[in-house]
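Subject: Structure handover

Hello,

Here is the structure I promised you. Please open it first, then read my notes below.

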Amino acid sequence: MDLVDGLEGRCMLAIPKKGRLYERCMQLLKHIDIRFHRKERLDIAVCTNFNMAIVFLPAADIALYTSEGRVDLGITGEDIVAESQVQLETLLQLGFGHCKLCIQAPKRSNIKSANELAGKRIVTSFPNLTKKFFQELDSTKETTVRYVSGSVEVACPLGVADAVVDLVESGATMQAAGLEAVHTIMTTQAVLVANPNSQHKAMIEKVKKRMVGVLIAEKYVMCEYNIMRKNLEEACKITPGMKSPTISPLEDKEWLAVKVMIAKSDVNETLDRLEEVGAIAIWINYEVVVGSVIKIENFYQNTFQKRDMYLPFIFQPRGSSKLSILQLSVGLISTISMRRNPKVASSILAADNFLSFSGMKKGGRGWDYGGFIFFTTKYILVCPRTTRITIKMYHK
Ligand SMILES: Nc1ncnc2c1ncn2[C@@H]1O[C@H](COP(=O)(O)OP(=O)(O)OP(=O)(O)O)[C@@H](O)[C@H]1O
Ligand SMILES: O=P(O)(O)OC[C@H]1O[C@H](OP(=O)(O)OP(=O)(O)O)[C@H](O)[C@@H]1O
């Protein structure tokens, strides 16, 4: 099939072909079940389950292509959208690709404010935003803005610039180049953008809705608990839900079952407060994607903060048949024994398992002292308290 013929009538979605946003975009497409087969060296892939095609473009060009209607939808950074100065619709902030566009000057120059750079030489990959910023700052002195396509940070050491305007995430690049931030022009993250005149409105809405679903699933977990009728009002104040909780009667007329979404970031606090108002049989339904959870550096902090937060859970692998349960190694190592025996813990962490999980140990207060820790060699999920986990596994 000729590729161009195969594209006719399809909704075109552009994603970065490489760089910082690429992996997360690919992950997102998997999560919303957009399937495609990309032939080697080809930057267009036809979807097998949607009337869509995926176009792999340089991140910096996606806003322009979308505004011109060459593609209907695109994922790129807000910084690029602003820099491109084009008309398009921003549908959704995607919660990744967070960084800041900063003016950075050499540390030894002792420049502490953007004002000191008016009239000087700036190098950047964002000439429009940079010019606009300096024009608004001081129109009497003309600041020279020079475009480079990458490795912006070397412009000062090479003597090409007095300062640069570049993206900063961890600050490592800036620091390594002997630069420091003197001003933030904008903060940015990845966004879903659309051409406002696209013929594929229904498809665009569908993609957006699915992405919203993924974002909600990333931020919220389903929580279920039983509560006495007389305590319901208090409990609902703690867990008001997105709109309101689902409440069902139990056999025992005094008791009710509540099902409600709660923010992942507040899980522990919420569970503590629910217990205080008499909730029992509290379950949290985590749906996580392997590899997107807690980075290994955070492991020790997150694991050992709370002693009393673990109970049984159901492990339910599903998804890709290529990634079978055989790739899981199962051990029964409680957080307590790991704490007492960090050597064991570190040897397990160093093991070359794709994914392992540790189980629980019966402690002084029944199962309360048990714990579950999922870990890959890269990512860790610590499961709080009564946690039912559904892990969707994606084959890499
Ligand atoms: N360090 C970073 N952390 C998070 N997001 C970033 C970072 N650097 C860039 N981004 C986001 O990713 C977008 C694309 O930047 P990136 O540097 O990956 O592009 P590229 O130049 O196409 O790739 P490469 O640097 O591999 O040539 C940026 O416009 C920004 O929105
Ligand atoms: O604050 P940090 O975490 O160090 O990230 C910032 C760096 O990341 C981006 O560049 P990238 O590494 O993508 O390469 P590039 O310079 O070729 O664009 C950006 O342009 C910075 O140089």
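A polar contact is a pair of N or O atoms within 3.5 Å; within protein, one atom must be able to donate a hydrogen and the other to accept it, and residues adjacent in sequence count only if both atoms are side-chain atoms. An oxygen atom of ligand 1 lies 2.6 Å from a side-chain N or O atom of Asp79.

The model is predicted: local features need pLDDT of at least 70, side-chain atom pairs count only at pLDDT 80 or more, and totals for chains, interfaces and linings use all residues. Residues are numbered from 1 along each chain as written, chains are lettered from A and ligands numbered from 1 in the order written, and side-chain values use heavy atoms, without hydrogens and water.

**Ligand 1**

There are 13 residues around ligand 1 (a heavy atom within 4 Å). Lys18, Arg20, Asp79, Ile80 and Glu169 come nearest. A polar side-chain atom of Lys18 is 2.6 Å from a ligand 1 oxygen. The side chain of Glu169 has an N or O atom 3.2 Å from a ligand 1 nitrogen.

**Ligand 2**

The residues around ligand 2 include Arg20, Ser151, Glu153 and Glu169.
- Asp166, through a polar side-chain atom, at 2.9 Å.
- Gly171, through a backbone N or O atom, at 2.8 Å.
- Thr173, through a polar side-chain atom, at 2.5 Å.

**Two helices**

Helices here are DSSP runs (H or I, at least four residues), and strands are too (E, at least two), numbered from the N terminus. Helix α2 (residues 22-31) and helix α7 (residues 201-219) pack at about 100°, with axes 9 Å apart. They are therefore roughly perpendicular (65 to 115 degrees). Arg24, Leu28 and His31 in α2 meet Met211, Val214 and Glu218 in α7 (heavy atoms within 4.5 Å).

Best wishes

Terms used: Axes are lines fitted to C-alpha atoms, for helices over the stretch in contact, and angles run from 0 to 180 degrees between N-to-C directions. Angles under 35 degrees count as roughly parallel, over 145 as roughly antiparallel, 65 to 115 as roughly perpendicular and the rest as oblique.
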